Amino acid sequence: MANQTPIPVVVNGAAGKMGREVIKAVAQAPDLTLVGAVDKNPAHLGKDVGEVAGCGEIEVPIVNDLQGALLMASQEKQLSVMVDFTHPDGVYENVRSAIAYGVRPVVGTTGLSPEKIKDLAEFADKASTGCLIIPNFSIGMVLLQQAAIQASQYFDHVEIIELHHNQKADAPSGTAIQTAQLLAEMGKSFNPPTVTETEKLAGARGSLADEGIRIHSIRLPGLIAHQEVIFGAAGQVYTLRHDTSDRSCYMPGVLLSIRKIIQLQSLVYGLEKIL
Ligand SMILES: NC(=O)C1=CN([C@@H]2O[C@H](COP(=O)(O)OP(=O)(O)OC[C@H]3O[C@@H](n4cnc5c(N)ncnc54)[C@H](OP(=O)(O)O)[C@@H]3O)[C@@H](O)[C@H]2O)C=CC1
Ligand SMILES: O=C(O)C1=N[C@H](C(=O)O)C[C@H](O)C1
């Protein structure tokens, strides 16, 4: 790895909570080189992104021009990568732009609808470009999901609770949606009704995903990112829980994705597919 030319990386959303972690991780990785830092928050424009991230000056200023950053990255000799941790409203256009410039997108931003993901998959296919959409970069969450898939063979009743900080824009979380999808793909329906239910307050029973799976979203200051998958059967409850205490937990998955995407020619959804 030491003799290879470093992979050029653009970080979009560089001044955000996740973006800052990615800047620190990329700055410390000898096989990666940061070539662009983009963020729309005017408070950070023009500042050195290393200073903003807290890892010291790295001589890359924060700009609010994704197209310009992608153009520069596309002119590097090596295939380049855009890491996106921005906002559900802008991520689709960001990914389209990256693919159009031949820059490979590693997407952590959540909130993309299944239709938009399908559309991006077709766009990536046409361009023969790798694109990674990863709802959760932590290994603990992959393991939780695998345990949930196992348990779903034996339990017919399951509900998901996701708990996040109250700055989160989208609900349910991308992770909870993916977890429900993985269970729904098991080829069975969950939660057969046992009684006629009435919601006295709308939403009391949470949101309804495919195959009868319910997701409940909690938003509170003091939380980072947490998820429970609770299975119930006569006389027993089986609870799987993952807790994030620091956003650094996502960085091994982000770095792995940057390294792996160079070899991909199509869109891949989910960290478990590249482990
Ligand atoms: N896949 C995973 O493992 C994880 C995914 N996430 C997801 O990542 C996303 C970002 O989360 P987080 O870092 O906590 O959010 P933050 O709000 O802390 O950071 C987002 C940053 O991106 C900026 N921004 C927003 N829209 C754009 C845009 N169109 N172009 C450039 N910059 C933009 C924001 O500016 P401003 O402040 O002005 O809005 C902000 O500085 C969310 O969707 C979240 O769910 C989070 C953690 C882990
Ligand atoms: O907004 C967050 O913080 C997180 N977002 C992702 C999601 O929506 O699943 C991943 C993790 O839960 C943290």
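Predicted model: local features only at pLDDT ≥ 70, side-chain atom pairs only at ≥ 80, totals over all residues.

In what order do the strands of the open sheet lie, and is their pairing parallel or antiparallel?

A: The open sheet has 7 strands, arranged in the order β3-β2-β1-β4-β5-β6-β12, and their pairing is parallel. At its edges are β3 (62-63) and β12 (267-269), each of which pairs on one side only.

Within the sheet, β5 (residues 104-107) and β6 (residues 131-133) run parallel and are joined by 2 bridges. Valine 107 has isoleucine 133 of β6 standing opposite. Helix α4 (residues 91-100) packs on the sheet, where the helix touches β1 (7-12), β4 (81-84), β5 and β6. The direction of α4 makes about 155° with that of β5.

A further helix, α8 (residues 251-261), lies across β1, β2 (32-38), β4, β5 and β6. Helix α8 runs at about 155° to β5.

The UniProt record, an unreviewed entry, lists residues 140-275 as "domain: Dihydrodipicolinate reductase C-terminal". Over residues 140-275, the chain is 26% helix and 27% strand. The end C-alpha atoms of that stretch are 13 Å apart.

Finally, the surroundings of ligand 2 may be described. Ligand 2 is surrounded by Thr110, Pro135, Asn136, His164, Lys168, Ser173, Gly174, Thr175 and Ala225. Classified by residue type, this shell comprises 6 polar, 2 nonpolar and 1 charged residues.

Note on methods: Residues numbered from 1 in each chain as written. Chains lettered and ligands numbered in written order. UniProt positions renumbered as here; feature names shortened; annotations may be inferred. Helix = DSSP H or I, 4+ residues; strand = E, 2+ residues; numbered from the N terminus. Pairing = 2+ DSSP bridges. Contact = placed C-beta atoms within 7 Å. Axes fitted to C-alpha atoms, helices over the stretch in contact; angles between N-to-C directions. Near = placed C-beta within 6 Å. Nonpolar A, V, L, I, M, F, W, Y, C, P; charged D, E, K, R; others polar.
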